Amino acid sequence: MLYLAYEAQRAAFLPARLMAGATKAALSTLPDAAAESRPVRTLAAACEMLMRAELTHVRPAFGIESIQIGTAGYDVVEEVTHATAFGSLVHFRKIGAPAGPRVLVVAALAGHFATLLRDTVETLLPDHDVYITDWFNARDVPLAAGPFGLDDYIGHVIDYLELLGPGTHLLGVCQPCPAALAATAILAERGSDCVPRSLTLMAGPVDTRSNPTAVNDLATSTSLSWFEDNVIFTVPMGRKGAGRRVYPGFVQLTAFASMNIGRHISQHVTLFHDLATGEDAEAQVISTFYDEYFAVLDLHADYYLQTVDRVFMRHLLPKGELTWRGQKVDPSAITRTGLMTVEGERDDICGLGQTMAAHELCSNVPAQRHAHHLQLGVGHYGVFSGRRWRQESYPMVRNFILRND
């Protein structure tokens, strides 16, 4: 019922957004002197805020069309290398540019699209040959495609590594860090040539028993049946995935936004002020972030519930009890892969030490191939995007990949 109510609310609010758009368009036709007056700019800003008061369910574009390497510019073409019913492997091909070490970025399936990592990818591109896991919105996956669980997620990462071949570096961001570690361990135990040369885990829940956050406390204080009864819904008729059980992206966004509601309100007040006073460049920065933040995707119910259960409730990976399709996942089997972890000092989603726990699990990686970076002054998103990511964390990651290439 909640999903139906959400859809009904969006439909009911649509005329108001359309009216706001029409009003803003009409204001833009006024003579310059009138259009730039404070009352008109304020009205236009109010219309813009009303138009933006919605969530979208369509993947935004990465929009990375070119990069600069030194003094030379190169075009970038986004190509789908492989696809299943649940996601695709996207390659950012740099036309005429040196490729650099090949890196597979594993994006989270946690309520946002892979494009949330646009800054991560754009920063990596000048020095690397970048691929990314681009997960599809569960509400757009036909029921006939079958279920998708945590084992399927790990299986996709393994398949992509085998498709890319020997010499690939793996970089997991946030939620998929346990899956990236598991995929590496499985390939290592197989003795596969496709085991990654390096594994970089950034702000991910390898062991959530370390400095638990509010997200972790919710998981450990609530039963799995509560999650299934209260946050799992069925995609309504009229969608491609009608009948599929999902954890809706709008529920996930509500939960995350409520953790920092004061900051989000403050940012929107600032956005309105910037629009009303003509601070267009400042307004664009905030608008771009929220265009991405309010683009949400639904998670497959099996994947969500299994992740809550195995990663956040029972801590199977750090306890040595995680299995993949009946096979025990043993990180100590990893011997030929360098391991780097990155955490944010102010991360309130993934607590300090939760990602670094991977080092103890990978006990047979030579000491000189371990690295850890604590990025000061950043929260969760600052670990993989923003100025400090580009200027401080990324050089550490780049050098680690190069040393292990």
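A salt bridge is a side-chain nitrogen of Lys or Arg within 4 Å of a carboxyl oxygen of Asp or Glu. The model on your screen is predicted, so local features need pLDDT of at least 70 and side-chain atom pairs count only at pLDDT 80 or more, while totals for chains, interfaces and linings use all residues. Residues are numbered from 1 along each chain as its sequence is written, and side-chain values use heavy atoms, with hydrogens and water left out.

Select Arg-59 and Glu-78 to begin, and you will find a salt bridge whose closest N and O atoms are 2.8 Å apart. Arg-59 lies in the loop between α3 (38–51) and β1 (66–69) and Glu-78 in strand β2 (residues 72–83), so this pair ties together parts that are 19 residues apart in sequence; helices (H or I, at least four residues) and strands (E, at least two) are DSSP runs, numbered from the N terminus.

Is Asp-134 buried or exposed? At 5% relative accessibility, Asp-134 counts as buried, where buried means under 20% relative accessible area, exposed over 50%, and partly exposed in between (1.4 Å probe, protein chains only). Arg-59, by contrast, is partly exposed at 25%.

Next, select Arg-310 and Asp-151, whose side chains meet in a salt bridge (3.3 Å, N to O). Arg-310 belongs to helix α12 (residues 301–313) and Asp-151 to helix α5 (residues 150–164), so the pair ties together parts 159 residues apart in sequence.
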